[in-house]
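Good morning, and thank you for coming.

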Amino acid sequence: MQPTCHFTVSFLNPGNHVYDIMLDVSNLPGGHHELTLPVWTPGTYKIHDFSRHLFDLSIQGSNNPIEITHAGKNLWLFETRDNEPVKIRYRVYAFEFSVSTSHLDQSHAYFNGAQLFLLIDDYKEIPYLLTLEKPGDWTVSTGLDRDHEESSRYKAQNYDVLIDTPFEIGKQNIVSFEVDGKSHQLAVYGHGNEDLARLAKDLEAIVCAERQIFGSLPYQHYTFILHLSDKPTGGLEHLNSTTCGVERFMFRPRKNYKRVLELFSHEFFHLWNVKRIHPDMLGPFDYNHEVYTHLLWAMEGFTNYYASLSLKRAGLYSVSDYLNALSKKVQDYERRPGRFVQSLAESSFDTWIKLYRPDEDSINRTISYYLKGDLVGTCLDLEIRKRTANQFSLDTVLLRLYERYGEKGIGFPESVYQDTVEEVGKSSFQDFFDQYIYGTKPIPLDDALLAAGLFIDRQYSKPQEDDDSENSSQASQTPYPWLGIDTRIVDGYKLVVTHSYISGPADTLINAGDQIIALNGYQVQKSEDLTKRLEYDHKIGDTVTVSLFRQGHLQTIPVVLTPKPFDKVRIVAIDHPNDEQKALFESWLHTPWTHSWQASGESLTSPE
Ligand SMILES: [Zn+2]
């Protein structure tokens, strides 16, 4: 007989930020047992050590308290007699407001299971019951099903599902819509300039567009939790829900709202890509250790690619919106010296110590699997379409992986990815994988886009001229001089170097953390002042002196200015595309080729 586990989570005094938790266990075989709490939560590849917030752990046996040995940072041991029912009580402090942690205050309760639910032995495959003891006027939003027998109780089919289903409980606004007869809830905590009716309508369009690739929606109901607060907190994907955290005034203007839609489109697409289609290391999970995969470029990068593409397919992006978003990604990728150092496969594998732990040198030595994975997805999609005369695409690759693995609830060995691409593309992609995924060769974006009748126009952004505001699309064909550093204002007035580019003229001269105070002896207070003075008053090859404080020590350093690399990218249609180019464009963007999309959309010259 399997043990039964029933959690009760109580938070009747939410102002204390503490969840009181009781785990009732019956039918436990006698002997030694262990309790563990996850050190991380799927979707964020970072060691959280959630047990640092757990306290007051005690275990009550049928007659007496049971002794507990604390045997590791997230491990406790105890012993029972055969079938002795036990009550495990503990408390969890929860006051970290992010999508991947838990938060409890006077206004709401939000929790992720990894922070709250102890696992007893290795009983991951048994069902779990959950009862909430909450303030009477608070309502519950979650992807977890109610237990039919008792409506206030929830039931998870196993521990993974329990961990994978966040709860938002409070006075959140709820908007519902249906797709395919399935209920979708948008539960919104917080306020700002939100337009929930519009967001719900746009989410419905995203659901329909993404469902198109896979044919149906693999859940009974779906919950979008949205946190509106003073800072963006990102998004986290789950089996039949997501939590997205955005800055509260992001609903206007449209440029900001597009970022909200990108986030939701990304997180929703994950319900297939990573939650169901995933390498075997990404489920079932080892919650006690880091898990390693070389495939996060496909899990996250391709999800990013489809986030934008789905907005186009859903009619929420115009062609120019889509190409502007793509231009910005190309621009960001080409600015990073780290793209020549770290491969996509390495970026995935090392996410625990690099992408999730960035520092001032990351730009020089690492590449994001979100960013480069997205662009590799673009190239791979276009390449498959080209090689198969638009018969197949990256959509087909994902659909096959879904049908063979995702739908059956199993992960795949890593080599399956390339095999499936080659099967769909009906040819070898060995060079593609060797060069762009396992190697650091620049992605062939120009060739890929030219095949669809598009051209990447690389230019140099001009400093904004204050007296020429009508000309907002400042770009030039000639490079400007630069120092090869990025700066930002710290403590309200200090102009501090955030990065020094390894490819720039100040690489071995100016350090991250230096506080810039003057150029050629004259004070500099803002990043723009520095850029403008270099670009207007100097030329490439000039020597300038930069005065700075390094750890409080004044220094004056001569630097010879070099050309600033391309930093403004536009993607435009070529003048006379042939039939193949037009056909590829049309199959890819689901839009007839006409030049009208260039004239009608927003300006192609100002990528956001
Ligand atoms: Zn993601």
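Ala 452 touches Leu 382, Gln 581, Leu 584, Phe 585 and Trp 588, leaving aside residues up to four places away in sequence; contact here requires C-beta atoms, placed from the backbone, within 7 Å. Before going further, please note that this is a predicted model, in which local features need pLDDT of at least 70, side-chain atom pairs count only at pLDDT 80 or more, and totals for chains, interfaces and linings use all residues. Residues are numbered from 1 along each chain as its sequence is written.

Ala 452 is also among the residues with the most contacts inside the largest nonpolar core, which has 85 residues. Such a core is a set of buried Ala, Val, Leu, Ile, Met, Phe, Trp, Tyr and Cys residues joined through C-beta atoms within 7 Å. A residue is buried if 20 or more other C-beta atoms lie within 10 Å of its own, exposed if 12 or fewer, and partly exposed in between, with C-beta atoms placed from the backbone. Helix H5, residues 296–313, provides the largest share of this core, 10 residues; helices (H or I, at least four residues) and strands (E, at least two) are DSSP runs, numbered from the N terminus. Domain 2 (173–261) and domain 3 (280–448) each contribute at least three residues to the core, the bounds coming from an automatic or database domain assignment.

How far apart are the C-alpha centres of these two domains? The separation between domain 2 and domain 3 is 24 Å. In their contact, 10 residues of domain 2 meet 11 residues of domain 3. On the domain 2 side, helix H3 (196–214) and helix H4 (254–269) each supply at least two residues, and H3 gives the most, with eight. That side comprises seven nonpolar, no polar and three charged residues. Ala, Val, Leu, Ile, Met, Phe, Trp, Tyr, Cys and Pro count as nonpolar, Asp, Glu, Lys and Arg as charged, and the others, Gly among them, as polar.

Let me finish with helix H11, residues 415–425, whose buried residues are Tyr 417, Val 421, Val 424 and Gly 425. Seen down the axis of H11, these fall within an arc of 90°, so they line one face of the helix; the arc is that of the directions from the helix axis to the C-beta atoms. Exposed Ser 415 and Asp 419 sit on the face of H11 turned away from its buried side. The cover over the buried residues of H11 includes H5, helix H9 (371–387) and helix H10 (394–404).

Definitions and conventions. Contact = placed C-beta atoms within 7 Å.
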